[in-house]
Amino acid sequence: MFKNYFKTAWRNIIKNKTYSVINILGLATGMAVAMIIALWMYDEISANKNFKNYDTIYQVMMHQTFDGFRGTQQALPYPLGEELKNKFPDFKAVAMCDWGQRHSLMYGEKKISKFGHFIGEEAVSMFSLNILEGSKNPLHDPYSIVLTKETADIFFGNENPIGKTIKLDNQTDLKVTAVVDKEPKNSSLTFDYLIPFQLEESLYPWVKQYHKTNWGNNSWQIFVQLYDKANPESVNAKIKNDVLSHFTDENTLKHIKPELFIHPMRKWRLYSDFENGKNTGGFIKYVRMFGILGLIVLLIACINFMNLSTARSEKRAKEVGVRKAVGSGRKQLINQFLNESVLMASFAFLLALGMLTLALPYFNKLTDKEMSLQVANPVFWLIMILFTLVTGLLAGSYPAFYLSSFNPVRVLKGNLKAGKSSSLPRKILVVIQFASSVVLMIGTIIVYQQIQYGKNKPIGFNNKGLISVDWSDDIAKHFDALQQELISSGAAISICQSNSSPSELQSNNNGWEWKGSQPVEKSVLFSTITTTYDYTKTLGIKLLAGRDFSRDFADSNSVILNEAAVKRMRLKNPVGEQLKWNDRPMTVIGVIPDIQMESPYRPISPLTIIFNKDWVGNLDVRLNPNMSASKALALMKPVFDRYNPAYPFEYRFADEEYAKKFDYEELVGNLAAIIAALAIFISCLGLFGLASFTAEQRVKEIGVRKVLGASVFNLWRLLSKDFVILVLLSCAIAIPVGWYCMNEWLKNYQYRTSINVEVFVVVVLAAIVITLLTVSFQAIRAAIANPVKSLRTE
């Protein structure tokens, strides 16, 4: 029986090649989109599941209230790690960790700059790192280093790296104690090397001097592993007030109120957003959104199949009538048509698999992923078979029930005529199909507008021709000579040092007092930049009032404010005002405009710029605008090689770093644009097939009209009108839906673009043009055909 079903299905596919190609191509495109989105979703959902202790690893986090806002942070005080380890028996392991940074690694003549972490020794077992060679506890010795295999291969090739000595930042010898596998890109812990956390105290005296017992400085991360029987809620209750217990001042106890809690690894990637101390979600909303979009595109492809199958019902009516007349039941006919649709879905799957194989490298590059098809995994093929069956059954369900319902007597007498009522379901499906595509078009345009809105927002400084170089001890020792030589070479016109690059703010501080401030306002959080001389000159910031730090003045107790800070402090004439910072007298010497260093979609925070020669970590260089960047960088390289020999000359352009702030929105926009384009393509395939069927069905009518004098334009208008009406109806449904969805999306941004009527006008015009281009080929072809050929049988 099934063999007969297969033969019948195959013959029908071969007999109707054009419609079969349209159906298979449409289904294949929809399936490919659904499959690639499913791969992307799986990659996001499975993040960190490579760690064996996935269910028991947590990150310690803290809520604090500043200026009435309850914020949540990962940054914690240095002494907390040791206290958690010694005070609370629920923790199986505790690992302190820095935020990660690039350091110079040297072996012989080879030197590279790589990203890594100072991290506690228990992290290796906690994160179940796959040790390929070396010690099982490789971070026990403070002067040790763990390398990924990729980093070890750069230095040692086929040599055994264990026991070899790597020089860190041209000053500290570290022994290679282990080589581990590199973690996948969707892991929250990525690195090229790991160094024992306890080494920080030896390398950086300020850690021991300022932070060892300082509960008010939050600059580190803490990861913990619970025992299997430990209750996370109980642990939260125990550690909740641990940081608070170390403070006695009224401001912290009554206003800031630090509160610890543990955040499970399963939520790190997709549930990282907090609002007013509550976990409100995160990237999971986009995973769900694109999952829905993938299903919509697949549904659009299935609608094509339904429409074309039911549209050709008259062609298969006699087949149904004969089969019923000779004894076939409706169930058998349904099975036959479903078998046919599953066979076409199988062909579509093979084509979709080919599409996916070709598209995956480009998609990985777009999304910065390392996804691959698990073709060697039997589970993959089981899922794909189920996916194909479900798609085939979904696409073939309506045609199967529709075609099998024909009355054999009416069919064989020739009384089955397709009237308006028979075409109504097809029209409804076309409207649903195109409405979905139009909503995607609206979404794509508004996402693009939001990105451009952020990019066009004034940033308050000139980030063109500005580069940043990581700080080092060698640069600190030779800063004056380096500065003088770079400027003398003509490659640079200004250089400054600071604690953060122009594209980020790495420090926040409270404890500020000003004239008329209330005690509670000591909890107001101000972003902090520390620098020395020429900061505003190098960054191209125009002072609104006062001056920059100068060698002609003693500026150790001076501060420069931005407009947001002046407004928050309610200062009318800020220059010369006396402030206090943790009881330290400070004088306002200048005011700058609000400069955009963080997200362009959030309000600019109050900023204080402080003079400090010791608290730096970044070198900013303003390139000579009268010289090409490539020539300037070529002149700079030998200077850096001479004064900073441990590091390869690496730099970051400020404008490129700023552009990365839009990566999140651009990823959403690019994915939405691709999905919208493919949805429109599938919809057009369906329109093309329906237009072809309509022209074929009305061929005699067209012939009669042409004989009676109808022009090609009149006939084109006749055949195109119905499709345009359906598309306009689709737009009427899609516009309010699209407006609502995108308005809700824009609410995620405090600074956002407005949704203008021009968006909907453009989309409607584009939909009409696309429709006319799609159906015109068949309409014009039918209109210019010789009427003699269509009427000769009469």
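Q: Which residue just after H17 takes a positive phi?
A: Gly490, with a phi of about 85°. This is a predicted model: local features need pLDDT of at least 70, side-chain atom pairs count only at pLDDT 80 or more, and totals for chains, interfaces and linings use all residues. Residues are numbered from 1 along each chain as its sequence is written, and side-chain values use heavy atoms, leaving out hydrogens and water.

Q: What makes H17 a helix with one buried face?
A: Helices are DSSP runs (H or I, at least four residues), strands likewise (E, at least two), numbered from the N terminus. H17 spans residues 479-488, and its buried residues are Phe479, Leu482, Gln483 and Leu486. Seen down the axis, these fall within an arc of 100° (taken from the directions from the helix axis to the C-beta atoms), so they line one face. On the other side, Asp480, Gln484 and Ser488 are exposed.

Q: Why is Asn276 called exposed?
A: Buried means under 20% relative accessible area, exposed over 50%, partly exposed in between (1.4 Å probe, protein chains only). Asn276 has 53% relative accessibility, so it counts as exposed. This residue lies in the loop between strand E14 (273-275) and strand E15 (278-281). Its phi is positive, about 55°, although Asn276 is not a glycine.

Q: Why is Asn582 called partly exposed?
A: Its relative accessible area is 49%, so Asn582 counts as partly exposed. Asn582 sits in the loop between strand E23 (578-581) and strand E24 (584-592). Its phi is also positive, about 50°, and Asn582 is not a glycine.
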